[in-house]
Amino acid sequence: MRIDIISVLPQMFMGLVDCSILKRAQDKSLVKIVVHNLRDYATNKHRNVDDYPFGGEAGMVMQIEPIDNAITALKQQRNYDEIIYTSPDGEVFNQKIANQMSAYENIIILCGHYKGIDYRVREHLITREISIGDYVLTGGELAAAVMADAIVRLIPGAIGDEQSALSDSFQDNLLAPPVYTRPAEYKGWKVPDILLSGHQAKIDEWKLHQAIERTERLRPDLLKSEE
Ligand code: ADE
């Protein structure tokens, strides 16, 4: 998989691209994450990528031309499954969308900024708009990083134990059951006996029961959703 990220703040992705699971996935050639500086596609000598809005509102708007230049240059090199724009008014990102996108070959994520982008970009160039939650960030970089992380860890081979991605919270609309490690007792706080019993069928039953109980208590909305 290849993820092209277009941003006016490419330095914000430095930690993301060279750390932890995302680094390992890239070292194993499971994914290539390429961050592009939108200013490199500006045509004016000051490399500006924003301008005042028509209609006289406050704030600056990202211009269509540098974005079109960047997307067109990428599309000339390969086909993209999706050209995503990060925006608080997009579809809210979730595990189902992460699963779907982890099977894609190539995606572009355009990070929004300022007051927004010229609406023609959204009408003519973008195929999907994604929000990471009902709050407003200063830019789409953190949203792109969240999406890239959630997507890449689902690519088979990206995390050591593939089973562990399958048993994540949300993967089947249930929160994950509690986990414990040694020591079995610490300051009198005990690990549930069942986990030490060696009885795998009973342990699995306990885990499922815990997952359902925690979901009912903490996130009952997940059980009501039809997806
Ligand atoms: N840009 C600003 N806020 C955002 C959000 N909540 N999700 C995605 N992109 C954003």
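The chain has 10 helices and 9 strands, where helices (H or I, at least four residues) and strands (E, at least two) are DSSP runs numbered from the N terminus. The model is predicted: local features need pLDDT of at least 70, side-chain atom pairs count only at pLDDT 80 or more, and totals for chains, interfaces and linings use all residues. Residues are numbered from 1 along each chain as its sequence is written.

Along the principal axes, the C-alpha atoms of the chain fill a box of roughly 70 × 40 × 35 Å. Of the contacts in the chain with a separation of 6 or more, 75% are between residues 24 or more positions apart; two residues are in contact if their C-beta atoms, placed from the backbone, lie within 7 Å.

An open sheet is formed by 5 strands in the order β2-β1-β6-β5-β7, with parallel pairing; two strands pair if DSSP finds at least two bridges between them. β2 (32-37) and β7 (128-131) each have a single partner strand and stand at the edges, so one side of each is left without a neighbour in the sheet. On average, neighbouring strands of this sheet are turned by 30 degrees against each other, direction ignored; axes are lines fitted to C-alpha atoms, for helices over the stretch in contact, and angles run from 0 to 180 degrees between N-to-C directions. Strand β1 (residues 2-7) pairs with β2 in the parallel sense over 6 bridges, and Asp-4 stands opposite Val-34 in β2.

Two helices may be followed against this sheet. Helix α3 (residues 64-77) lies across β1, β2, β5 (82-92) and β6 (106-111), running at about 170 degrees to β6. Helix α6 (residues 141-152) packs on the sheet and touches β1, β2, β5, β6 and β7, its direction making about 155 degrees with that of β6.
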